[in-house]
Amino acid sequence: MFYYLDGTVAEILPGLAVIDCGGVGYACLTTNHTLSQLRKGERSKLYTYLNVGESVFDLYGFASSKELESFRMLLGVSGVGPKAALAILSACTPEALALAVVSGDEKALTAAPGVGKKIAQRIILELKDKLARESAATGLDFSGGNAGKVSAFTSKAGEAAAALAVLGYSSQEAAAALKGLDTDALSLEELIRQALKRMAR
């Protein structure tokens, strides 16, 4: 229904930003990461997600489409609702979430208030399963093995490609962004950051 809101930041409250668009104030539930990028009185754009239920009509807003994509993916995990998804994305950026999933880092996820070990394990398991399905469908080996289209990829590059898939990039986009990067010299996090910079151009 709403793709994004582009207007003036009218209010910034804990977990909430109000965006004035043509005299109408839209209250967007959001993350600490998005709130840190907003300034009251300045123009901003938030990518939105509308959650409609029997007694629910909540609008969520995010500073980047990648944060929105991560939010949607978290909602796709059984047992993860909007509140938990927001808490996770307040505790870690989309890039950090992707790294946590690829590396199986439960602690990065349980750092979010209200997210226990079982939920963290489920998020890692289900999102890794999604990566495995994408890998099988496209022939892009995210495991770091020497298969198919990415036979030259190292294990680190394979992990980086998997992390980019968690962020919503296709296997072809990930392969193109990682091509030519020095996987030996760069850390996994820096490899992902460099690839994201390339795709943002």
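Predicted model: local features only at pLDDT ≥ 70, side-chain atom pairs only at ≥ 80, totals over all residues.
Residues are numbered from 1 along each chain as its sequence is written, and side-chain values use heavy atoms, with hydrogens and water left out.

I88 belongs to the largest nonpolar core, which has 47 residues and in which I88, I123 and L164 touch the most other members. A nonpolar core is a set of buried Ala, Val, Leu, Ile, Met, Phe, Trp, Tyr and Cys residues joined through side-chain atoms within 4.5 Å, where buried means under 20% relative accessible area (1.4 Å probe, protein chains only). A second, separate core has eleven residues, among them I19, C21, L35 and L59.

The protein contains nine helices (DSSP runs of H or I, at least four residues) and five strands (runs of E, at least two). Strands pair if DSSP finds at least two bridges between them, and the following table describes one such pair.

| Strand | Residues |
|---|---|
| β2 | 16-21 |
| β3 | 24-29 |

Strands β2 and β3 run antiparallel and are joined by six bridges, with D20 standing opposite G25 in β3. Together β2 and β3 form a hairpin with two residues between them, and G22 in the turn has a positive phi of about 65°.

Notes:
Buried < 20%, exposed > 50% of the residue type's maximum accessible area, 1.4 Å probe, protein only.
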